[in-house]
Number of protein chains: 2
Amino acid sequence: MGRAMGLAGLLLGLLLVPAVLLSTSLGRGDPPPEPELGLGLGLGEGPLAAAAEDSLWPLPQSLRTSRRQLQLAPDRFQLVHGAGSSAGPGCGILQDAFRRYYEYIFGQSRWRSPGRRWPSLRRELSQLQVVIAAPEPGCDSYPRLASSEAYYLTIAEPVAVLKADEVWGALRGLETFSQLVHEDDYGSFLVNESVIYDFPRFAHRGILLDTSRHYLPLKSILTNLDAMAFNKFNVLHWHIVDDQSFPYQSMYFPELSNKGAYSYNHIYTPTDVRLVIEYARLRGIRVIPEFDTPGHTQSWGKGQKDLLTPCYNGEQPSGSFGPINPIWNSTYDFMTKFFKEISSVFPDAYIHLGGDEVSFDCWKSNPDVKDFMKEQGFGIDYAKLESYYIQKILDIVSSYNKGYMVWQEVFDNKAQLKPDTVVEVWMANNYAHELSSVTQAGFTAILAAPWYLDYISYGQDWKKYYSVEPRNFPGSEKQKKLLIGGEACLWGEFVDATNLTPRLWPRASAVGERLWSSSNVTDLQDAYKRLSNHRCRMLRRGIAAEPLFVGYCAHEARG
Amino acid sequence: MGRAMGLAGLLLGLLLVPAVLLSTSLGRGDPPPEPELGLGLGLGEGPLAAAAEDSLWPLPQSLRTSRRQLQLAPDRFQLVHGAGSSAGPGCGILQDAFRRYYEYIFGQSRWRSPGRRWPSLRRELSQLQVVIAAPEPGCDSYPRLASSEAYYLTIAEPVAVLKADEVWGALRGLETFSQLVHEDDYGSFLVNESVIYDFPRFAHRGILLDTSRHYLPLKSILTNLDAMAFNKFNVLHWHIVDDQSFPYQSMYFPELSNKGAYSYNHIYTPTDVRLVIEYARLRGIRVIPEFDTPGHTQSWGKGQKDLLTPCYNGEQPSGSFGPINPIWNSTYDFMTKFFKEISSVFPDAYIHLGGDEVSFDCWKSNPDVKDFMKEQGFGIDYAKLESYYIQKILDIVSSYNKGYMVWQEVFDNKAQLKPDTVVEVWMANNYAHELSSVTQAGFTAILAAPWYLDYISYGQDWKKYYSVEPRNFPGSEKQKKLLIGGEACLWGEFVDATNLTPRLWPRASAVGERLWSSSNVTDLQDAYKRLSNHRCRMLRRGIAAEPLFVGYCAHEARG
């Protein structure tokens, strides 16, 4: 693995790698047709090609590569805006990406003496020209569910060209280009002449991080965003608060974190939140915050009086509290103001409103709640009370022109959902059936159930995550298209900054390829080889991704 | 957890903590009687005691603590050699430990202005005096199986006294002292007046690290040695080579690592090995290297021709190789020279010779081996051939005046073992029966079977490791005493520098307390509280120990 496999790679890289065929469906509009590219695929010149595609992850939709290699000189090679691009040096998102990918490609080698000359025998690649085709490149915008992440990448002497509609596709193409450049045994940087056309199979490819069960320092979150970009994930589902703690510092309700965070050290200030959002944006990653109610809210009650339901022990309040109290107007006054803040702090069009695992015991114990149930004619069906509450929250959030994501129970309990609601399927038991029901009802769905990465087990469990076929549920083609993606979830009961990165990567990478690459990319042996190399590359880039199995990397973690 | 639990601690710390009674057996000679200590256990003065013992790990054999607190001034407090000690400023092992524990106790606070005065109301502890009682303190020696690790620690105004026979006990007592000092909410360093008498229940308390399946950089090994000292472990079982790679750089046979290591980066030079041994010695930790033969030796064959058995496919050599070839004299010539080097490089009295999981398939395929079996009259019992081989290796190692440890199969296959052989029981299936058989035959045993920490699972698995009672096997009292300890094993198939520390700690801490503390220390709730605090302390000291469950530490890992 890593550099030392170069020789084995040589034997494999003799000829063209068979192109992976275009997948049949994008799920959100067809991709533009593949352009005509006159690329001379030379044979017989230069050294044999190392199989750079042995480390591509996730595998592009279409890849043609030649044995002809081009050399890159660190002190001459440039990432530049190409002719006709709607983006230029004023495009911060690309400028930042150029600097970042230069560093990933060349690492310390940029410090080589500029006087050094490369052997003239070699063909040289001198530039990567990035061309954004859309009149509005998106440099100052946020990625959206409907953003285009497609790109064309042609690598041929003397320049490579990366074309994309929007900057988001360019970011994905830069990652792919950086994965194609490899160092040979003599320290030269080489890339094979190649043509790549690529786009994601699913539009929503998320990682869930939980900052309530354990606080994650900002650095852990940013490191994870780096890793997400290396794996072409595009959504950070930030499960920011829960029963255990409330680290989100609210401007309207500062007592929520003053009282509800683990300590004054364990909060995300408005500046922290902005930093996460901007760091994510620069990597083409949406940040969807989850403020889960009415359950999972014990920590909310510490800083906000009269928000949670008082539980009763017979005739008397027991002193403990249950879910959000759905019967008081003050609850909705609070939520109206709270979600106004959230809608403005988080730029994404979606907010995750939770709605999972609501225990009815406390509601059932409370006489006022029981009276309310009678008034409303809910009988003894507390799912109706839950839906009553959720419905009001959905309406509040809608009034701020936000869409929402919810856990599957909200759908199961028959709340009235807007057509663009995204229902997240998390229950492992018969999730295919649930996907079928959700899409049958015409809602978009994302799948999380088989990808709860907090459930660890001995051995190569990445294969289990990799082998999931998300569209394998009963339903029409139209239903299948309503499944817009999935999420790898790392719940935080047993995870904090000490173990987050190696527990998440490269196990989440398996989900990353499943959600990006064509459905026919399923070969475990090939995936093992590429993923092993990809994990070594993540290590080099500062991500402490754990090993898949025995072996080594040329550049190990420092320990 | 951590500082923020101080208030809860106050409520618990009102009075004396019940002393944990002395355990009945040391397993290797009785401890000296507890000294008479005139300690005035004052009541009613000063602030209420925080329950510093809430973070002690492993729990001492005997602990009496008072509510009376003493304050430590970082710019005045000293760790010194006490009157009558056989050790003095020339004792490097203690000088090094004094500096180290000063740092652990006060951290950055030592930089406080020396002009600062503490409130005169407070009683002050100005010194910890360390007194080594034995005429030969052991400053320049290596810890041994028979070393005394017992210590007395009395903390009373104005000085604390730590008495131990040898430096090894002093090291354990320094760790305990450092665990008793705590910071209050105002940043003052406090310690309760206390009397502790402590000694290990088992003499062999080991951690197995595997540097063959993955190479571990030196820094990882050293960090782990720090963590071992924090948990009073005293043996690093260094499973240094195996099938996958041979990172040990031999002086006599440099080709073994030149060809058998993963790469030239992935070796331990003689300097590295000396550094590990010295770093361990300074922490009272023995380093027992394992050179496992005749199985698990694929990597040996790369740099040493004609060492492994050629396997046959019918009449023809198949090109692959099996275990060490036991029929050639050259094998034993090599081993004689190799173990001469190992015996001299590693100072410990024991070498682990492996002997586990020998597959007979290759031996059975080889016609020369079959002929040899006939000559020797072994019939078709290849276990006899294995024993024949092992016997010769044991004799070679004995000739260098070394003792040996072996995996249980060597005993099971009836090799002739020296009386001081340590048999390591690793097979999970009915290990109690195996312990019974080994000790019945009069051999000393150590237990690893229930503590294979590489087998991860979801949840609080530390409880499973903690709840093992090693002496719970059929046998006489005499047999029970032959069980001299255990090892937590972190095999390396899925572990490298990226995940070693959080995977090992604090899960191994559970094994640490089981092997150190009295057998009646079994309360899971109390252990949870102490271990949570202990893991936060490890974090502060730079060990990225993972969380036990939800919660936080005052000082989190930086991410």
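# A tour of the two-chain model

Across the interface of chain B and chain A, the rule finds four salt bridges. Keep in mind as you go that this is a predicted model.

**Stop 1: one bridge across the interface.** Select B:Arg535 and A:Asp496 and show their side chains. They meet in a salt bridge, with N to O at 2.9 Å.

**Stop 2: the whole interface.** Which residues of chain B lose the most area to chain A? Select B:Tyr458, B:Phe494 and B:Thr498, which together account for 21% of what that side buries. The area buried between the two chains is about 3,500 Å², and carbon and sulfur atoms give 63% of it. For polar contacts, the rule finds 22 residue pairs across this interface, with both residues at pLDDT 80 or more.

**Stop 3: the axis.** Chain B can be laid on chain A with an RMSD of 0.0 Å, by a turn of 180° and a shift of 0.0 Å along the axis. The two copies are thus related as by a two-fold rotation axis. To find your way to that axis, select B:Ser457: of the residues of chain B, its C-alpha comes closest, at 2.5 Å. Of the interface residues of chain B, 100% are also interface residues in chain A, so the copies meet through the same surface.

**Stop 4: a disulfide in chain A.** Select the cysteines next. A search of the whole structure finds six disulfides over all chains. Zoom in on the one that joins A:Cys536 to A:Cys553, with S to S at 2.0 Å. A:Cys536 lies in helix 18 (residues 524-540) of chain A and A:Cys553 in the segment after helix 18, so the pair ties together parts that are 17 residues apart in sequence.

**Stop 5: a bridge within chain A.** Stay in the segment after helix 18 of chain A and select A:Arg541. What does A:Arg541 form a salt bridge with? The partner is A:Glu175, and the closest N and O atoms are 3.1 Å apart. A:Glu175 sits in helix 3 (residues 167-180) of chain A, so to speak at the other end of a link between distant parts of the chain, 366 residues apart. Over all chains, the structure holds 48 salt bridges.

**Stop 6: backbone details.** Most residues other than glycine have a negative phi, and most peptide bonds are trans. Here are some exceptions to look at in chain A.

- Select A:Trp57 and A:Pro58: the peptide bond from one to the other is cis, with omega near -10°. A:Pro58 lies in the loop between helix 1 (6-12) and strand 1 (62-72) of chain A.
- Select A:Trp505 and A:Pro506: a cis peptide bond joins them, and omega is about 5°. Look for A:Pro506 in the loop between helix 16 (500-504) and helix 17 (507-516) of chain A.
- Select A:Asn401: phi is near 60°, a positive value in a residue other than glycine. The loop between helix 11 (382-399) and strand 14 (403-407) of chain A holds A:Asn401.

Note on methods:
Residues numbered from 1 in each chain as written. Chains lettered and ligands numbered in written order. Predicted model: local features only at pLDDT ≥ 70, side-chain atom pairs only at ≥ 80, totals over all residues. Heavy atoms only, no water. Least-squares fit on C-alpha atoms with pLDDT ≥ 70 in both. Contact = heavy atoms within 4.5 Å. Buried area = accessible area lost by both parts, 1.4 Å probe. Polar contact = N/O pair within 3.5 Å; in protein donor to acceptor, adjacent residues only side chain to side chain. Disulfide = S-S within 2.5 Å. Helix = DSSP H or I, 4+ residues; strand = E, 2+ residues; numbered from the N terminus.
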